[in-house]
Amino acid sequence: MTSPTDHEEERLLVLLETGSSVTGPSPPLDEICQKARHHFAMTISLITLVDRQKLWVKAAQGLAVSELPRDTAFCTYTILSDDVFVINDMLTDERFKANPLVLGEPHLRFYAGAPLIYQQDIRLGSLCILDVRPRTFSRGDKAELTEMADRVVTEIAAQELGALELPTMKQPFV
């Protein structure tokens, strides 16, 4: 069985090829991010892309940030699986209780992230929602967040296709 980390170099290459990590703001992604925040009544929602060293924030609601170091980002764990990654209370989770985003501003306690599955074994980043208090997240909630993440991937693919310039057809000489 292969591990998600077996595909890391391929994942990073696909991320680069999409051009998503270097493009500017995207109103459709902002809209999805806003819907996720309001639908789940969370403090923060983010659409992120996970690069080798950084987490690039493509859309954000409730937090003004454009990037984070990968080693402090919860989304690093989200891209290890096709499943929604949930931390009900970060202060009780050994992996995250000393994280600077938990101990300091914005004092995060809850995280749920759905991977942005671009191709089989290629997870570009995540659509995540965060709160400043512990929460629970149902199976239905996971399904809804996954559906929203699928819309993000569809938008990224559409933006990638839109960036391709098709050569103009020239009329043959008659």
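This briefing covers the sheet and the nonpolar cores of one structure. The model is predicted: local features need pLDDT of at least 70, side-chain atom pairs count only at pLDDT 80 or more, and totals for chains, interfaces and linings use all residues. Residues are numbered from 1 along each chain as its sequence is written, and side-chain values use heavy atoms, with hydrogens and water left out.

**Sheet**

- Strands pair if DSSP finds at least two bridges between them.
- β2 (residues 54-61) and β3 run antiparallel, joined by three bridges.
- L55 has L68 in β3 as its bridge partner.

**Cores**

- A nonpolar core is a set of buried (under 20% relative accessible area, 1.4 Å probe, protein chains only) Ala, Val, Leu, Ile, Met, Phe, Trp, Tyr and Cys residues joined through side-chain atoms within 4.5 Å.
- The largest holds 27 residues; I47, L116, L127, I129, F137 and L145 touch the most other members.
- Two or more residues come from each of α2 (27-40), β1 (44-50), β5 (110-119), β6 (122-131) and α5 (139-163).
- α5 gives the most, six residues.
- Contact means heavy atoms within 4.5 Å; beyond four places away in sequence, I47 touches residues including L29, W56, L116 and V152.
- Another core, of 20 residues, lies apart and includes L55, A73, I87 and Y111.

Technical notes:
Buried < 20%, exposed > 50% of the residue type's maximum accessible area, 1.4 Å probe, protein only. Helix = DSSP H or I, 4+ residues; strand = E, 2+ residues; numbered from the N terminus.
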